[in-house]
Amino acid sequence: MRNRGVAAIGIALVLALSGCSTPEPPAPTPTAAFASEEEAFAAAEATYRAYVDALNAVDLSDPETFEGVYEWTTGEANASDRKSLSSFHADGVTVVGESVVTRLELAAYEPMKSEVSLDVCVDVSSVDLLDASGQSIVDSTRPDMQRTTVSLVHEPNAPRSLLIEDISARQDGPPCS
């Protein structure tokens, strides 16, 4: 009888101790940064249009004007813009004219990754880059309409909701007309 009592106490102790262990907290579940696809598109559109406005405001002789462009980018887009603008400044290039967004459509939205892609058409027909002697350095075969895909990511710690991560030429998607 005594052995049964010791066994019962041992079992009770094991059960009691197993109940006291702290369970592992569940892994955080990713949540979408936007309530809907429409909200994600609106944020992406506003970001891209602000980026184009910042590019149009650049004065290549004044590097402080580059900061407005950098605020809207991250990753490859930021590195590319920094390299291009710095190079143009160092070479004494000037820019004339403005880019105009003529078409902007949602290409893809990944809610759990908070990534948005846009198909964009930009009219650059009035934009020219002039070297220090005033000669155009724009390739004469450059199309007046630029067809691009713009990839944006949600950066929770950034001052902007979305940042442009990549801008690349595209062959498919909506036409630029």
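Buried here means under 20% relative accessible area, exposed means over 50%, and partly exposed is in between (1.4 Å probe, protein chains only). This is a predicted model, where local features need pLDDT of at least 70 and side-chain atom pairs count only at pLDDT 80 or more, while totals for chains, interfaces and linings use all residues. Residues are numbered from 1 along each chain as its sequence is written, and side-chain values use heavy atoms, leaving out hydrogens and water.

Let's start with aspartate 119, which is buried at 11% relative accessible area. Its side chain meets that of arginine 170 in a salt bridge, 3.7 Å from N to O (a side-chain nitrogen of Lys or Arg within 4 Å of a carboxyl oxygen of Asp or Glu). Aspartate 119 sits in strand 3 and arginine 170 in the segment after strand 6, so the pair ties together parts 51 residues apart in sequence (strands are DSSP runs of E, at least two residues, and helices are H or I, at least four, numbered from the N terminus). Arginine 170 is buried too, at 4%.

The count comes to three salt bridges. One of them joins arginine 49 and glutamate 45, with the closest N and O atoms 3.1 Å apart. Both lie in helix 2, four residues apart, or about one turn.
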